[in-house]
Structures are given as structure tokens and as C-alpha cells.
Amino acid sequence: MSFHIHAHDNENQPIVVPGGHLSLIYFNLVRLQAGERHVFEREELEAHIVPLHGLVDIHVGGHGFSAVGGRQSIWDGRADSVYAGSRGAIVIEAISDCEVAIAGARCTEEHPPFRVTPEEVEMVAVGSSETHSRRDIYHLLGQNGEGRSGRLLVSELYCEQGCWSGYPPHKHDTDRDGETDHEELYHYRFQPETGFGGQFLYREGEARQVVMTGHRDTVLVAGGYHPTVTSPGHAEYIFTILAGRTKRGLLQHFEERHAHLKDAIPGIGTMQAKFR
């Protein structure tokens, strides 16, 4: 599988499963009309259920979560979501027409489900318009999952038009002092939907890869530096899934030749702290 998956109708079938380009991460988009249901049978997979728009009931084993969601779109406030634990079938029942993202990661430990209300979502503002790096990161499953989840981290990132994110260039593919080994998935949306961006991916000593990202594209990051940019006139949304290969907390290593930019771009330190 290529690291760049173009937008397509996945017909509610998984877009990414563990064991392909990524060894740990699962990702699916489920679209339902009011009254329809989706059943997700799984084994050794923790999952986080995020309504992108619409309202759903979610059932996991003996746990039920009523009227989750409610946004008109991803651009309409903070998400209401459910960490669905790591055991049992997940049943999503649509109260209204909806689209639901399912983020997952391999997990052999047992964790019970819990809800993350919009009020519980932590936001970190990073960058500035002046440095063309403004983005807001909303942690759906971040520090609130410490001790209650396995290796999974989930967030929604909103990048101002014409700005960079994942910047200064950083990576997280090695366990060492100041860096952890995490794989990552980006799912893109743009406003307006005609928007586009650029995704860079490179490692030292290897050929550099660059792709043009469009509305509903997905990018898989197994390792390496991976900055991204959106075009002027188009706001960018990135649904982000991270999975730690050996530990949950994320430590990013910034490319040495660009490390000085950490002091020029506001909020980098706070961003780093919120991923740990």
C-alpha cells in the first residue's frame, strides 16, 4: 500500500488495517443514514469513535453512550466522542444522517470504554499567522487516556489557510533520549473542498517524497520527517491517529538544521507537552 491513499468511497470498509504500510493503526470512515447501524467486530484492537457530523448511539458490550456527536460538520465546534476500549463488538446506530471516524490501534490489554465530551477536549494553539504556521490541535484522546488506554492517541488539527503544520520538520520513529517510536495517520479535509495541500516525507540519506493532498485523502507515516502545508484560501483539517510502538507518550525529534525555528514559532513547547 502506498503512503498516500486518494479519496474514494470506501463503502464503510476499513481504509487502513494493521499490518500493511503501518503495523499498528486502524482507520475507517462510516457513513450512515438515520436509522441505520454499523457493527464492528474486532480482536485485540482498541478504538476511538468520533462522529464527524451527525448524532449516534454507541454500544460496546454492556456499555451504552446515547446521542454522541451533534456537530453539523467538522468545522462546527469540538467533537463529542467515545473511547470504545479494546474488547467487544462496537455497534453504531445513526440517530441522524452521519459520518463517523473510527481510529484504532493494536492492543492486547483490556481497557473499559469512556466518553470524551466537547468540554473535556483540550486545545493547544500552535504557531502564528505571521510565521505561516498557525494551527489549533484538539486532543480527543491524549493525556485524558493515560492509564485508561493502550498505545492510541487521537486528535483533530485545524490549520489556517496558507500555513504549515508538522513544522518545524520533526519525526518520531526511534526510541532514544528525546524521541519515541510512533507511527501516524493523517486524514485530510479542506474548506472549501476544492482546497489542496502538500505532504512531504523524507529520511536522511533517502529520496524525498512529496504528494499533493486533496479533500478526503489519507497519508500514512511509518517514519521520517513529515511536514505538511495548505494552499492560501483553503483552511485545512487533519484527523490524526498516532500509535506508539513501545510506549504511549509522544516525544518528537526536530530536524537539527531547523531546530532553531522552535523558538520562533509560538506554542511548540506546549504542543510537545500535551502529547506526552
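Q: Which residue lies over the face of Tyr202?
A: That's Arg208, at 4.6 Å from the ring centre. For a charge to sit over a ring, NZ of Lys or CZ of Arg must be within 6 Å of the ring centre and within 35 degrees of the ring normal.
Q: OK, and what sits over the ring of Phe114?
A: The charged end of Arg148, 3.7 Å from the ring's centre.
Q: What am I looking at, and how is it numbered?
A: It's a predicted model, where local features need pLDDT of at least 70, side-chain atom pairs count only at pLDDT 80 or more, and totals for chains, interfaces and linings use all residues. Residues are numbered from 1 along each chain as its sequence is written, and side-chain values use heavy atoms, leaving out hydrogens and water.
Q: Switching topic: how many aromatic pairs are there?
A: Twelve, from a search of the whole structure. In Trp75 and Tyr237 the ring centres are 6.3 Å apart and the planes are at 65°, so that pair is edge-to-face. Rings of Phe, Tyr and Trp (its six-membered ring) pair if their centres lie within 6.5 Å, with planes under 30 degrees apart counted as stacked, over 60 as edge-to-face and the rest as tilted.
Q: Is Tyr237 buried or exposed?
A: Buried, at 0% relative accessibility. Trp75 is partly exposed, with 27%. Buried means under 20% relative accessible area, exposed over 50%, partly exposed in between (1.4 Å probe, protein chains only).
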